[in-house]
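Here is a short report for a reader new to this structure.

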Amino acid sequence: MKTRVIIMGAAGRDFHNFNSFFRSREEYEVVAFTATQIPNIEGRVYPPQLSGPLYPGGIPIFSEEELPRLIKEKGIHQVVFAYSDVSHQEVMHKASTVVASGADFKLLGPSATCLKAKVPVVSVCAVRTGVGKSQTTRKVCDIIKNRGYRVVAVRHPMPYGDLTKQVCQRFAEHSDLDRYQCTIEEREEYAPHIERKTIVYAGIDYQVILEEAQKEADVILWDGGNNDFPFYTSDLQIVLVDPLRPGHEVRYYPGEANLKMADCIIINKMDSATPMDIEEVKSNITINNSRATVIEATSPISCDDPALVRGKRVLVIEDGPTLTHGEMGYGAGVVMSKNLGAAELVDPRPYAKGSIREVFRKFPHIGPLLPAMGYSDHQIQELKETIEETPCDLVVIGTPIDLRKVMELSRPSVRITYELQEIGKPDLEEVLTKIFTKLRERRSTT
C-alpha cells in the first residue's frame with residue numbers, strides 16, 4: 001500500500017521537497033499540498049507538467065486551514081512540514097494538529113533534498129528573515145568576480161504566478177523582470193543582482209535550474225529565502241544572525257538548523273544592537289556551533305537625498321516579509337528617517353486599502369510604517385492607493401528595490417540603501433579562501 005502524503009508549504013520548499021524526494025517514488029502518493037504565508041496561492045494545482053507521470057492530473061493545493069479535514073477524509077498517513085521562518089512552538093502546534101488528526105508529522109532534511117552541483121556552491125542563509133542576506137550575497141558575488149571567476153546566483157523560489165511558466169527562469173536584464181511578470185517580492189531579490197551584472201536563476205524545478213546555471217558559472221551562489229536551508233549541497237555555508245532579535249537564532253525553524261550547520265556565521269547590525277544582546281547571540285553561537293568562523297559586521301545605510309527628509313512628515317515603506325513573518329517592527333527606512341530629523345512618521349493604517357489593511361490586521365506588531373506587499377498586480381495597486389491616500393510630505397523607500405521603478409508616485413520620495421561592511425578580521429575574503437583554493441585545483445586538473 002502506498003504511503004499517502006500531504007506537504008505543508010508556502011510555494012517554495014514544499015515544491016522542492018516534492019520534486020527532489022517524492023516525484024519519482026512509487027511507494028508514496030502525494031495527495032495534496034497545503035499553503036500558507038503567501039496570499040492567493042491555495043486553490044491552484046501543481047500542474048502535471050511539473051508533477052510527472054505518476055501524477056497525470058497534477059496535485060491540488062488547499063488552504064492550510066483545511067488540513068485536519070484533508071487528513072481524515074483522504075486517509076493521509078504522513079504530513080511533511082515544508083516552509084520556513086516559523087517558531088519552534090508554532091511548528092509543534094502544527095505537529096500536534098497533524099497527530100491529533102491521525103497522521104505522522106515529518107521533516108525532510110538536507111540529505112533527502114539537497115542537490116549536488118558540479119561546481120562549488122556558496123550558500124547565504126539566515127536564522128530569521130530580514131537579517132541582511134541580500135547585501136551579503138551581493139558582497140560575496142563581488143568578491144568572487146573580483147578574483148576573476150564567474151558567479152551565478154540561484155535564488156530561493158518565489159513562484160506565485162503561472163507555475164508552468166516558472167520552471168526555470170533566468171534574469172540578466174531588467175527587461176527580464178517584466179517578461180516574467182515579477183512581483184515586488186521577486187524584483188526586490190533579483191534587481192540588485194542584475195544591477196551588478198550578476199545573472200540570477202530561480203523558479204520551481206531546481207534540478208533543471210542547476211543544470212542550466214552551472215553551464216555558465218565557476219561558482220554558484222545560493223541566495224536563501226526566509227531562514228530556509230539550501231536546496232544545493234554547499235561547499236561553504238554562510239549564515240547571518242541578528243542581535244536586534246537576540247535568542248531568535250535558537251527559537252525558529254529551520255533557522256536554528258542553519259546555525260548548527262554553518263561554516264561561517266555573520267553577526268550583522270553590530271552598530272545598532274546593545275552589548276547585552278550581542279553577547280547573548282555570541283553565547284548561543286558558542287553553545288551551538290563553536291567550530292564556525294564568526295564575522296562581525298554592520299549594514300551602513302545611506303539616503304540618495306538626505307536634505308529632503310529633515311522636518312518632513314514622512315511615510316516610510318519597508319520590506320514586506322521582514323515586517324510580516326519576519327516579525328520586525330521597523331527597518332532601515334525608519335532608522336534613517338529618525339537619524340535625518342524627520343518631523344513625524346505618518347501612520348498609513350487608517351488609509352490602508354484591501355489586502356494591505358488585512359496585512360495590518362494579521363500582523364498587529366507593525367507600527368506607523370507601510371510594508372511593501374506586492375504578491376500580485378492587484379495588491380501592488382492597493383499598495384499604491386494606500387501610499388497616495390496617506391497624508392505625508394515625503395515617501396521614504398526602505399525596500400531592497402526602488403519602488404519608483406514599479407509604480408509612479410505623486411509625492412516627492414527618497415530611497416534608502418544598505419550594504420554589508422565587515423568589522424576587522426576575519427572577513428569574507430578570508431572565509432572564501434576555501435572556495436578559491438578549490439577553484440584553482442579544478443583549473444589545474446583541466
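Which residues line the largest cavity? They are R13, N17, F81, A82, Y83, S84, L108, D228, F229, Y253 and P254.

## Basis of the report

This is a predicted model, in which local features need pLDDT of at least 70, side-chain atom pairs count only at pLDDT 80 or more, and totals for chains, interfaces and linings use all residues. Residues are numbered from 1 along each chain as its sequence is written, and side-chain values use heavy atoms, with hydrogens and water left out.

## Two cavities

The whole structure was searched, and two cavities of 30 Å³ or more were found. A cavity is a set of points, on a 1 Å grid over the protein atoms alone, where a 1.4 Å probe fits but cannot get out; lining residues have an atom within 4 Å of a point. Grid points are joined across faces, edges and corners, and a volume is the space filled by probe spheres set on the points.

The largest cavity has a volume of about 50 Å³. Its lining divides into seven nonpolar, two polar and two charged residues. Here Ala, Val, Leu, Ile, Met, Phe, Trp, Tyr, Cys and Pro count as nonpolar, Asp, Glu, Lys and Arg as charged, and the others, Gly among them, as polar.

## The second cavity

The second largest cavity has a volume of about 40 Å³. S134, T137, R138, E188, E189, P192, H193 and D223 line it. Two elements give two or more residues to this lining: α6 (133-146) and α8 (184-195). Helices (H or I, at least four residues) and strands (E, at least two) are DSSP runs, numbered from the N terminus. α8 gives the most, with four residues. By class, the lining of the second largest cavity has one nonpolar, three polar and four charged residues.

## Cis peptide bonds

Most residues other than glycine have a negative phi, and most peptide bonds are trans. The bond from Y253 to P254 is cis, with omega near -5 degrees. P254 sits in the loop between β14 (252-253) and α10 (255-261). Both Y253 and P254 are also in the lining of the largest cavity.

A cis peptide bond also joins K425 and P426, with omega about -5 degrees. P426 belongs to the loop between β23 (421-422) and α16 (428-431).

## Positive phi

A11 is a residue other than glycine, yet its phi is positive, near 65 degrees. It lies in the loop between β1 (3-9) and α1 (13-22). Is A11 buried or exposed? A11 is buried, with a relative accessible area of 3%. Buried means under 20% relative accessible area, exposed over 50%, and partly exposed in between (1.4 Å probe, protein chains only).

K197 has a positive phi too, near 65 degrees. Its loop runs between α8 and β11 (199-203). K197 is exposed, with a relative accessible area of 70%.

## Two buried residues

I76 is in the loop between α3 (67-73) and β5 (78-81). At 4% relative accessibility, I76 is buried. Not counting residues up to four places away in sequence, I76 touches R4, V5, I6, V31, L70, I71, G102 and A103. Contact means heavy atoms within 4.5 Å. V30 is 46 residues from I76 along the chain, and their C-alpha atoms are separated by 9.2 Å.

H16 is in helix α1. It is buried, at 2% relative accessibility. Leaving aside neighbours within four places in sequence, H16 is in contact with T113, L115, Y206 and F231.

How values were computed:
On a 1 Å grid over the protein atoms alone, a cavity is a set of points where a 1.4 Å probe fits but cannot get out, and a pocket is an open set with protein on both sides within 12 Å along at least five of seven lines; lining residues have an atom within 4 Å of a point.
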